[in-house]
Each structure stands twice: as C-alpha cells, then as structure tokens.
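Please look over the sequence and the structure shown here before reading on.

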Amino acid sequence: MEAALAAARQGPRGANPLVGAAILDPSGELLGVGYHRGAGTPHAEVDALAVLRQKESLPDLSACTMVVTLEPCNHHGRTGPCAAAIAEAGIGSVVYAAPDPTAEAAGGARYLRDAGVAVRGGLFAEQALDLNQRWFRARAEGRPFTTLHIAQTLDGLIAAADGTSQWITGEAARLDSHGIRARVDAIVAGTGTVLADDPKLTARDADGRELERQPLRVVLGRREVPAEAAVRGTDARFLQLGLHDPAAVLGELAARGAGHVMIEGGATVAGAFLAADLVDELVLYLAPLMLGSGTRSTGGLGISTLADASRWRWDAASPVRTLGADLRLTLEPLPFDRHNERP
C-alpha cells in the first residue's frame, strides 16, 4: 500500500482523485505498480495490469493480490469500470484503502465480491483519504475541483504601481501554467483582468500554438467584454457570467460538466474564492523580483488577526520545482479538522 500511495502522488490533481495500485504475487513480491495520469487516461488499476502484462512470464493471477488506494470504480466514464477489468484479468484478491464516496463510482467492492474476488478495505485508509481530502470535499459539495494560479513577485505583487505585469515570471513558468490549462475544463478570470491585460485564456504549446483541447473561457463580472477582446476568440468556448458569488460560479460550471476549474485572476477574483474556502489547490509561481508597491496577488480575505489566518500545507504530490529563474510552489488547504490549529 505504501508503494501504491507513492505511485498515486505522481499523478496530477484535477477532475479525478490521485490513485495508485500495486500487484503482488503469492509470495508477496511486487509485480507491478500503476497510477492514474489524469482524466481520460487508464485508471491506476488498469495501468498496473498493463505493467503486469509486459512481463515475460506471469504467475497464476488468481493467487495474486491487487492493492489500491481507493475502492475500484464501478462506472463507465471516459474509461471502463476498474472493478470489471480486475475481475476479467483473473486477480484473486483486492485490498483497498478508502471507499469511494461518490455515488457514480461506488460499488466496486460489491461487484468484485459478487464476481468471486476476495476483497478487504481499510488498509491505510486515513493516509488515502488525506491524500485526496480536498477532492472528496469538492465532490461532496457538488462542485468542480478548483485550482488557483498566481504568478507573483517575492513581495506578493502581480503588477507594478503603473499596472504593468507582463511578464513577472519567465517563459518556463508560463509554459508550465499552460500545462495546467490543458488539463482543466474551464479557466476563470474577472473583467478587470480581461480589460487590463486582454488575455486569451487558451492553452498553448512552447511555440504559442493553441492545443487541440481547449478549456471553456469564463469571464466574471457585469462590465461589457469588448467584441475585439482576445478572450472571445473565434469559437463557442467563451462564457461571461454576471456573477460575483464563487459558489454560484462553480455551481454553474458544474452544471455545464466542468470537473476541474482554474482561477486565473485577478486579485479580486482570487481573494473571493480564497475567502469562500473554495480553492482546493494553489499553484504559486514565485519570481525573484521585488516591486515594493503595486497590485497585491489577492484581494481582502476578511482576516483581521493572526489566529484566524487561512492555513495551508505543501502538497506532497507536487514538490517544489525550479522553472528557469522562478519557483513553482503547490499548496493545499489544511484539512478542515486541522484548519485552525496553531503551528
């Protein structure tokens, strides 16, 4: 299970939980490890089975055990149900850490038992639940998993006093952020950012070409977006929502099928989502610059004393990375029961 959890941490956060799987032979030798690499790719169980099938010789699979960090799913999405794939492969025993709490995917353990597979749950359940604590919360609230992207100076600014902001971070950091854009279902920005910076809000490659898969481009606010604004584009993937309530925004995007949303800016929008505790992942690009004065990276959070500070932790699934001269830091809010604990 430790190997499966380590594998799970290699996957990207987003519309799906981080999941890892490991397969053991009858003697306990590790035969193969797999993990989920993002929406539309094979799930961890299927990935582990693919690793297993690459071996020259295989033991009797009915005597083998698959260890999974999350109860195998039992539904058809972009891929087939993992429970059926395990049963069809002939694996004789499955041990999973945490049950799947989502109505659409739960039931895999029952399916496997009905198929004659020995199933046990609860091994390292706390660690598995903690790994995906914000994903579980987003699903329980019926909203998309939400990533906030901020590119700022060392002193927490996203623009200079005269409004200039392009570019605070370097090319490598910007390209990395386009990798996130390519995975999400919608990118959200406020009208202030759109009017000031005229962003495209598209996912592009290193040469500036737009990728085949594009997120919905969402602008929040009631000010009119000019007809010539880059964000409008030439396709139908532009949406303006005259909303200011972050929960209402995410509810509308969930109704449109979004499972992963990226908040792109500006400071007012970022602050609103943070204040509402609706940011599940903070991806912070830190540039080695100081401006002294200018636009702060977030608006007010309604916090007046240190004891009420919003507390975060480094994401174990995403270590600090150096991108050119910049740093990429990834954080997640502390679990609810530890949110107000003092350091």
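Predicted model: local features only at pLDDT ≥ 70, side-chain atom pairs only at ≥ 80, totals over all residues.

Student: What volume does the second largest pocket have?
Tutor: On a 1 Å grid over the protein atoms alone, a pocket is an open set of points with protein on both sides within 12 Å along at least five of seven lines, and lining residues have an atom within 4 Å of a point. Grid points are joined across faces, edges and corners, and a volume is the space filled by probe spheres set on the points. For the second largest pocket this volume is about 640 Å³.

Student: Which elements give two or more residues to the lining of the second largest pocket?
Tutor: The lining has 33 residues, and those nearest the centre are Ala15, Asn16, Pro17, His75 and Trp135. Elements here are DSSP runs numbered from the N terminus, with helices (H or I) of at least four residues and strands (E) of at least two. The elements that give two or more residues to this lining are α2 (44-53) and α6 (133-140).

Student: Which residues line the largest cavity?
Tutor: A cavity is a set of grid points where a 1.4 Å probe fits but cannot get out, and the count comes to one cavity of 30 Å³ or more. The largest cavity has a volume of about 30 Å³. Its lining is made up of Arg13, Gly14, Asn16, Pro17, Leu18, Asn132, Trp135 and Phe145.

Student: How many residues apart in sequence are the parts tied together by Asp280 and Arg134?
Tutor: These two residues form a salt bridge (a side-chain nitrogen of Lys or Arg within 4 Å of a carboxyl oxygen of Asp or Glu), with their closest N and O atoms 2.9 Å apart. Asp280 lies in the loop between α10 (267-275) and β12 (281-286), whereas Arg134 lies in helix α6, so the parts they tie together are separated in sequence by 146 residues.

Student: Where does Asp47 lie, the partner of Arg37 in a salt bridge?
Tutor: The closest N and O atoms of Arg37 and Asp47 are 2.6 Å apart. Arg37 sits in the loop between β2 (30-35) and α2, ten residues from Asp47, which lies in helix α2.

Student: Which side chain of opposite charge is nearest to Asp326?
Tutor: Asp326 belongs to strand β16 (residues 326-333), and its side chain reaches the backbone nitrogen of Gly170 at 2.7 Å. For charge, Lys and Arg count as positive and Asp and Glu as negative, with His and the chain ends not counted. Asp326 is buried yet has no salt bridge, and the nearest side chain of opposite charge, 6.7 Å away, is that of Arg174.

Conventions. Residues numbered from 1 in each chain as written. Heavy atoms only, no water. Buried < 20%, exposed > 50% of the residue type's maximum accessible area, 1.4 Å probe, protein only. Polar contact = N/O pair within 3.5 Å; in protein donor to acceptor, adjacent residues only side chain to side chain.
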